[in-house]
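User: I am new to this structure and would like a close look at one part of it, the nonpolar core. Could you walk me through that part and what surrounds it?

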Amino acid sequence: MTPDTSPSRSRRVRPLVVVIASLAALAAVAVVIPIALQYANRGESLPLFRLQPVLAVAAAPCAGTDLPDPGGTECLRLANGVTVKEVAAAEAAEGAGGWTVEVALGPDDAAAFAEMTRKIAAEPGPRNRLAVVVDGEVLSAPVVAEAITGGRMQIAGSFTREEAADLARRLGEGR
C-alpha cells in the first residue's frame, strides 16, 4: 500500500471558502455602490424609512409579504406609501409612555406625509393605520386620527433609551 501524499481535504477547502467569501463581498459592493451612486447622481439621499398605509390586518403568523406588528400578534398588509429620503432632525425623547423618537421631515417628505395622513384619517379601521417601516421591520403602526401637516412625527414603541437613541441616530444620518 502506498502512503496518501495528496493535500488534506481541509487544506483544499480553506482557499475555496476564502475565494467564495471574497466573491460574495465583491458582489455586495457591486450592488450597493451603483445604487448609492444612482441616488447621488440624482441629488437624492438613500431612502431612510417608509411610511406605509395598512390595508388589512390578520392574526399571526404572517404569510407572504405581510409584516408582523411590533408585538408580533398581528400581520399587516401594507400599501406602498412614502419613502422618506430627508430627515431634518431626529432625536430620542422620554415621555409618559416611555421612550420615543421624534422626527422632523424634510419639506418634500413633509408634504407627501401630510397628504397621505389626510387620506388615511378618512378611512375606517384598520385602513386608518400607518406603519413606520425601517429595514423591513414595522416599528409602529398607529391609528391616524387627523392629517399631520407640521412635518413632524413621533415613532412610539416599546423602546429602551438606547434603542430610541440608536434609531434617532440611524434616521438622522440622512441629514
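Analyst: Here is a tour that starts with the overall layout, moves into the core and ends with the loops.

A word on the basis comes first. This is a predicted model, in which local features need pLDDT of at least 70 and side-chain atom pairs count only at pLDDT 80 or more, while totals for chains, interfaces and linings use all residues. Residues are numbered from 1 along each chain as its sequence is written, and side-chain values use heavy atoms, with hydrogens and water left out.

The protein has three helices and nine strands. Helices (H or I, at least four residues) and strands (E, at least two) are DSSP runs, numbered from the N terminus. Along the sequence they come in the order α-β-β-β-β-β-β-α-β-β-β-α. Of the 175 residues, 31% count as buried; buried means under 20% relative accessible area, exposed means over 50%, and partly exposed lies in between, using a 1.4 Å probe and protein chains only. Among contacts (heavy atoms within 4.5 Å) between residues at least 6 apart in sequence, 61% join residues at least 24 apart.

Now to the core itself. A nonpolar core is a set of buried Ala, Val, Leu, Ile, Met, Phe, Trp, Tyr and Cys residues joined through side-chain atoms within 4.5 Å. The largest one here holds 27 residues, and those with the most contacts inside it are Phe49, Leu51, Val103, Met153, Ile155 and Leu171. Two or more residues each come from β1 (49-59), β4 (82-84), β5 (87-95), β6 (98-105), α2 (107-121), β7 (130-134), β9 (152-159) and α3 (161-172). There is also a second, separate core of seven residues, including Val54, Leu76, Leu78 and Ala141.

Leaving out residues up to four places away in sequence, Leu51 touches Asn80, Gly81, Val82, Val84, Phe113, Met116, Leu130, Ala131, Val132 and Met153.

Some buried residues have polar side chains. Thr100 sits in strand β6 and counts as buried because its relative accessibility is 11%. Its side chain makes a polar contact with the side chain of Gln154 at 3.5 Å. Such a contact is a pair of N or O atoms within 3.5 Å; within protein, one must be able to donate a hydrogen and the other to accept it, and residues adjacent in sequence count only if both atoms are side-chain atoms. Beyond four places in sequence, Thr100 is in contact with Glu91, Ala92, Ala93, Gln154, Ile155, Ala156, Phe159 and Ala164.

Ser140, in strand β8 (residues 137-140), is buried too, with a relative accessible area of 9%. A polar atom of the Ser140 side chain lies 3.1 Å from the backbone oxygen of Ala156. Setting aside residues up to four places away, Ser140 touches Pro70, Leu130, Ala131, Val132, Ile155 and Ala156.

The whole structure contains one disulfide, a term for a pair of cysteine sulfur atoms within 2.5 Å. This disulfide joins Cys62 to Cys75, with the sulfurs 2.1 Å apart. Cys62 lies in the loop between β1 and β2 (67-68) and Cys75 in strand β3 (residues 74-78), so the pair ties together parts that are 13 residues apart in sequence. Cys62 is partly exposed at 31% relative accessible area, whereas Cys75 is buried at 1%. Pro61 is in the loop between β1 and β2, and a cis peptide bond joins Ala60 to Pro61, with omega about 5°.

Finally, a note on confidence. The average pLDDT, which is the predictor's confidence in each residue from 0 to 100, is 79, and 72% of the residues score at least 70. Over residues 16-45 pLDDT stays under 50, and the model has 11 contacts beyond four places in sequence for them. Where pLDDT is low, the predicted coordinates should not be read in detail.
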